[in-house]
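This report looks at pairs of charged side chains. The sequence and the structure are shown first.

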Amino acid sequence: MLLRGAPTSDQHESKEDFDFPLGILASEIIFLKFSPFYLGYVAVGNEPFLSSYNGEYQSYIMPALLNLQQSLARANLASYVKLVVPCNADAYESSLPSQGAFRPELTQIMTQLVSFLNSNGSPFVVNIYPFLSLYGNSDFPQDYAFFEGTTHAVTDGSNVYYNAFDGNYDTLVSALTKIGYGQMPIVIGEVGWPTDGAMGANLTAARVFNQGLINHVLGNKGTPLRPGTPPVDVYLFSLLDEGAKSVLPGNFERHWGIFSFDGQAKYPLNLGLGNKVLKNAKHVEYLPSRWCIANPFRDLTDVANHIKLACSVADCSTLNYGGSCNGIGAKGNISYAFNSYYQLQMQNEKSCEFDGLGMITFLDPSIGECRFLVGVTDSRSLSSPPSSASGIAWVSLIWFFWTLVL
């Protein structure tokens, strides 16, 4: 579709993500199967209207769109490839869905943008994350973030909202209506739930949310303001965890994947294809069953720099508050950091030295839900840094959900 694998609606995209050699916003094309043709969405930037950017990219949007549209027309692709600008849900605001409106400083640019999208047959793409609402607000009702029913329903005139997704979606519908485009097609570019790295981010919650969302969309109930009309497309974020992603917004950022790094489904998920659920990757070749842990016979007083080095390369986000490995103790933390680095280095013996503070063991040191991972053999596979897997992740994810919504 249009998303770069890493971006979320958490306002952490670096400015470099918008730089482009020709002076326009970065764009990407991922084609979707649409028999008998291929329909493509081209993303012009990603969430460029984030409030944290203070309008820095607004002046680039329309020139970039016009420039690219002309290029598509010259290549006779304008009928098949549609330009979109994925927006963060903070582009609009309201206390009630029916009062939804774009932020005042965005009214003019949004009117221009939506007019362009409408005239070229493109949808409005938005990223919606109920998890972030829950994570960022201690007063946010937890059950309202899911689709299982709530004791905190929101009444808006004659309409009642039983989940945050519908409320957020209809707030956008109202905002579009206020600028004259109430029937604008909407695509959910990103939506999902992380499985680790924060309170509330776990396997059970992710399964309940994602399955609830799928059932909700496939039920074709729509929302109070668009009854019987679900979003045009919905894309779950994401296929795989991204172990090198920025954790500035929160440690959960590295754990959005439906599959673990080795292609194993984290939990059963039915995509609406009969009784079928996600299948694990086959023929995965793992490294030998050995781990790097803290040497119990050495003084670990001066281990801090080694942990810092290990975690600057490997992913240690599960060790922090809310993570699945948060409660394994000081020595457990050291061992987890050492092993994460060791596996990323393809179990190179020297990578477990740490000035004599590390040692290799053949006994699995995993504790409860905290798993000490073993890498896979191919350095180009899913155990390698996520940047190399993100393209595969999005192409595969899009294929999954294109089959889902057809």
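## A linked group

D90, R103 and E105 form a network joined by salt bridges. The model is a predicted one.

Within this group, the side chains of D90 and R103 make a salt bridge with an N to O distance of 3.6 Å. D90 sits in the loop between β4 (87-88) and β5 (92-93), and R103 in the loop between β6 (101-102) and α2 (107-119), so their pairing ties together parts 13 residues apart in sequence. D90 has a relative accessibility of 16% and counts as buried because the cut-off is under 20%. R103, at 8% relative accessibility, also counts as buried.

## Two further pairs

K245 and E253 meet through their side chains in a salt bridge of 2.8 Å, N to O. K245 is buried, its relative accessible area being 4%. E253 counts as buried too, with a relative accessibility of 1%.

Another salt bridge joins the side chains of D315 and R254, at 3.0 Å from N to O. This pair links distant parts of the chain, 61 residues apart: D315 is in the loop between α6 (304-313) and α7 (329-344), while R254 is in the loop between β13 (234-236) and β14 (291-294). D315 has a relative accessible area of 19% and is buried. R254 is buried as well, at 13%.

## The whole structure

How many salt bridges does a search of the whole structure find? The search finds five. Among them are the D90 and R103 pair, the K245 and E253 pair, and the D315 and R254 pair. Side chains of opposite charge can pair when their charged atoms come close.

Terms used: Residues numbered from 1 in each chain as written. Predicted model: local features only at pLDDT ≥ 70, side-chain atom pairs only at ≥ 80, totals over all residues. Heavy atoms only, no water. Salt bridge = Lys/Arg side-chain N within 4 Å of Asp/Glu carboxyl O. Helix = DSSP H or I, 4+ residues; strand = E, 2+ residues; numbered from the N terminus. Buried < 20%, exposed > 50% of the residue type's maximum accessible area, 1.4 Å probe, protein only.
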